[in-house]
Amino acid sequence: MEDSVTVERLLFDASAIVALLFAAVMVLHRHPVKSVLALVVSFFSLAICYVLLTAPFIAAIQVIVYAGAILVLFLFVLMLLNIPAEEHRRDTRPIQRFLSGAGILVFGAMLVALLRDAGVPERFTGAAEQAPAKAGEVLPLARLLFSEYLLPFEALSVLLLAALVGAFVLARREPRGAGS
Amino acid sequence: MIGTIPLSDVLLTSGGLFLIGLAGALLRRSAISIFLSIELMMNAANLALLGYSALWGSYDGQIVVFFVIAIAAAEASVGLAVFVALFRHTETIDVNEIHLLKW
């Protein structure tokens, strides 16, 4: 199975490169608002990748929940708190910095070695027996979600409720006004 | 091979994103940036899951991704609330300045 260049693959690679690029911009930028906006672009191009991987429903919730809700929440908090950009300054913890850098390098080398040596499987033999994932189909996803994964799904709703209450309690201003 | 997309492309992208996220989480000092990097790492994992899900022709990977996104939403709301509370108390979210629990 030789690598063939098709429109699908070109589109996937292009959006993957955009995602990687803007992820790098996110990490490198010192201004927090711009870094969030770069991440929005990165998540949008990841959504395109998800569509090409026959997961349009996940792509939709990626755009709606991730880019739409979570990152907008980040923007709200950033603008509410008026957090300044990280300023350049002398490093106070050189040893930790060095160890972090070394750890990242080692992890990256491991990743490359794994991907090259382990031999990525191109096709599993069992894949044909299962129902092939047709593009754009949400029904089987819903079937699975409400039958086999019903308990985690319900637990998730409790978790979201707990997060709602927790966020409210944490962000609430102290009743007796601590200074402000 | 998913359609015509080789799995290695998917895994390379996923690994690259994870690496960028890891670098951000370890090297940045603003708590918000660290949080964003963690979100990025979650997305890298999601991409790998979806790649294998498409390869296997199974929906379980997509369901895991669904749960990951929902949990990320819960985590983001609580985390940001913590930052708001922290900022009110200390006027900074620089993780080097916040050392209340350090001896």
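Into which domains is chain A divided? Chain A splits into domain 1 (1-86) and domain 2 (138-180), with the bounds coming from an automatic or database domain assignment. This is a predicted model, in which local features need pLDDT of at least 70 and side-chain atom pairs count only at pLDDT 80 or more, while totals for chains, interfaces and linings use all residues. Residues are numbered from 1 along each chain as its sequence is written, and chains are lettered from A and ligands numbered from 1 in the order in which they are written.

**Chain A overall**

- Chain A has six helices and zero strands; helices are DSSP runs of H or I with at least four residues, strands are E runs of at least two, and both are numbered from the N terminus.
- Reading from the N terminus, the order of elements in chain A is α-α-α-α-α-α.
- The centres of domain 1 and domain 2 of chain A, taken over C-alpha atoms, sit 24 Å apart.
- Of the 180 residues in chain A, 21% are buried (20 or more other C-beta atoms within 10 Å of a residue's own make it buried, 12 or fewer make it exposed, and anything in between is partly exposed, with C-beta atoms placed from the backbone).
- Take the contacts in chain A between residues at least 6 apart in sequence: 57% of them join residues at least 24 apart. Here, contact means that the C-beta atoms of two residues, placed from the backbone, lie within 7 Å.

- Helix 2 (residues 32-52) of chain A has 21 residues and should span 30 Å at 1.5 Å a residue, which agrees with the 31 Å between its end C-alpha atoms; the expected span is 1.5 Å times one less than the number of residues.
- The buried residues in helix 2 of chain A include Pro32(A), Val36(A), Leu39(A), Phe43(A), Leu46(A) and Tyr50(A).
- Their cover includes helix 1 (7-28) and helix 3 (56-81) of chain A, together with helix 2 of chain B.
- Thr54(A) is in the loop between helix 2 and helix 3 of chain A, and its phi is near 55°, a positive value in a residue other than glycine.
- Thr54(A) counts as buried because it has 22 C-beta neighbours inside 10 Å.

**Where the two chains meet**

- On the chain B side, 65 residues are in contact with 72 residues of chain A.
- Helix 1, helix 2 (31-56) and helix 3 (60-90) of chain B each put at least two residues into that side, and helix 3 of chain B gives the most, with 21 residues.
- By class, the side of chain B that touches chain A has 44 nonpolar, 18 polar and three charged residues (Ala, Val, Leu, Ile, Met, Phe, Trp, Tyr, Cys and Pro count as nonpolar, Asp, Glu, Lys and Arg as charged, and the others, Gly among them, as polar).

- Helix 4 (residues 94-117) of chain A packs against helix 1 (residues 7-27) of chain B at about 170°, with axes 10 Å apart; axes are lines fitted to C-alpha atoms, for helices over the stretch in contact, and angles run from 0 to 180 degrees between N-to-C directions.
- The two helices are therefore roughly antiparallel to each other (over 145 degrees; under 35 is roughly parallel, 65 to 115 roughly perpendicular and the rest oblique).
- Among the residues making this contact are Phe107(A) and Leu111(A) from helix 4 of chain A and Leu11(B) and Leu19(B) from helix 1 of chain B.
- Leu11(B) counts as partly exposed, with 19 C-beta neighbours inside 10 Å.
- The C-alpha atoms of Leu11(B) and Leu49(B) are separated by 9.5 Å, though the residues are 38 apart along the chain.
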